[in-house]
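Let's walk through a protein model together, one step at a time. Have a look at the sequence and the structure below, and keep them in view as you read.

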Amino acid sequence: MLRGIKGVKDILPDEIARWQVIEETARRLSLSYGYQEIRVPVFELTELFARSIGASTDIVEKEMYTFQDRDGTSLTLRPEATAGVVRAYIEHNLGGSAISQKFFYLGPMFRHERPQAGRLRQFHQYGVEYFGTRSPLADVEVVSLLWRFLSGLGLPDPSLQVNSLGDAADRAPYKAALLEFLKKREDRLCQNCRRRMETNPLRVLDCKVPGCQAATEDAPRITDHLSAGSRQHFQDVQAGLRDLDIPFSVNSRLVRGLDYYTQTIFEVTCRGLGAQNAVAAGGRYDGLVEALGGASTPAVGFAVGLERVALVLPASAIPPPQKLIFVAAFGQRGMAAGTRVLDELRGLGLRADTDYRASTLKAHLRQADRLGAEYVVIIGDDEVTTGRLLVRNMGTKEQEELSLSTAAQTLKSRLKTG
RNA sequence: GUGGGCGUAGCUCAACUGGUUAGAGCGCCUGGCUGUGGCCCAGGAGGUCGCGGGUUCAAAUCCCGUCGCUCACCCCA
């Protein structure tokens, strides 16, 4: 038997309702905040991702699905969507539009990783990108949208952490200072962190090993090395969040895995996710548009891992399905009449179904029961003769006669009121 | 890429120290109830014991390999 690919999952009808709530909430909220949907390709030139995410990040170094097009061009399945959105923004000169500066997207991303709880090779993200302003209020707006999305869905104990990385000019001297500090403590760091000192010293601060946490307790903080402007920006963001009553904590150890972030960065974790407990993350990336060849344009955004949201989405967030009317038609004339009633019900926008395999009333009722039908319309040859069908309320077992010609309308009004 | 756990019916799991025809619950089908669902009762269908090799008189059980799933590390949404 041919199986699906490792880490690439089917989303079966049983779980679709939870995905639909998540996606509909994302769309509705994004639009209400003034973000427009954008759909960018799932594959792009490899170079786009290498240049935006950072050539020496894990994502680019070993997690991309990269392949050659027929002419030898190197293409890659998108590991995240910001790069593509920025590319589209530049390519279509969206910065020149009076209205389109705020975008949201939903869709699959691809990373070649070992699957585990909350981590897949094809996974889905919802994200937004806000271009064209350095205002800290834009950072606040983006976080507020994210917070409303997550808390609106009722995720368990969401926790928002924020930090600032400053701008490129802030970071270089800080990195040097941090590295100097780490060298003095190298003997207390884990093997991984010693390697990180070479590749990305900021990551050492993010290490979960208790020994490393202790060793770096009094390490220099990035927030103490910010320029006056960067510090002010971070202060303003925090003030804005307080103003909107969005709970957060500053975590000066917070680091992001993608190279393009500047200034504000943030992450939301929540309970019940296992080891991969981040549901969403984002930040400002003021240098990316320019780095990809566009005009210098500040931007801020976030991405949410939808599988992770789905994993902890409470059942109460999932609305019950539309009430079902089941048509139990049997006998030669009954089936013909039943088909017409079924079509009429559907034409009125009601959820209605039948089972063509069932030939007896018993079989129909059993199927109706399994489907959780609210009402069953019973039509046999007798009913066709009298011109009156039976409507059975599956909850109360009450049955009443209705005229064949008006039954559909009557049921519609009944479902509205009941 | 590294490490742990697990692969027996559609699903969840049994099968003691290797020992007859591999079982149960749920689900499914049929009948009791020939035009009335759930509950109950009776019966029934359904299994290459992940796959390959080895040890043995005998393997779901032991050994080796392999594939798959899963959790964790790394890293990340």
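Contact here means heavy atoms within 4.5 Å. Helices (H or I, at least four residues) and strands (E, at least two) are DSSP runs, numbered from the N terminus. This is a predicted model, in which local features need pLDDT of at least 70 and side-chain atom pairs count only at pLDDT 80 or more, while totals for chains, interfaces and linings use all residues. Residues are numbered from 1 along each chain as its sequence is written, and side-chain values use heavy atoms, with hydrogens and water left out.

Pro136, Asp139, Val140 and Val143 in α5 meet His233, Asp236, Val237, Gly240 and Leu241 in α9. The residues of this contact divide into five nonpolar, two polar and two charged; Ala, Val, Leu, Ile, Met, Phe, Trp, Tyr, Cys and Pro count as nonpolar, Asp, Glu, Lys and Arg as charged, and the others, Gly among them, as polar.

How do the helices lie? Two packed helices are described by the angle between their axes and the distance between the axes. The axes of α5 (residues 136–152) and α9 (residues 228–243) come within 8 Å and cross at roughly 40°. Axes are lines fitted to C-alpha atoms, for helices over the stretch in contact, and angles run from 0 to 180 degrees between N-to-C directions. Angles under 35 degrees count as roughly parallel, over 145 as roughly antiparallel, 65 to 115 as roughly perpendicular and the rest as oblique, so α5 and α9 are oblique to each other.

Now turn to charged side chains. Side chains of opposite charge can pair when their charged atoms come close. A salt bridge is a side-chain nitrogen of Lys or Arg within 4 Å of a carboxyl oxygen of Asp or Glu, and the structure holds 19 of them. In one of these, Glu37 meets Arg27, with 2.9 Å from N to O. Glu37 lies in strand β1 (residues 36–37) and Arg27 in helix α1 (residues 13–32), so the pair ties together parts that are 10 residues apart in sequence.

Glu37 also forms a salt bridge with Arg39, again with the closest N and O atoms 2.9 Å apart. Through shared partners, Arg27, Glu37 and Arg39 are joined into one network.

Definitions and conventions
Chains lettered and ligands numbered in written order.
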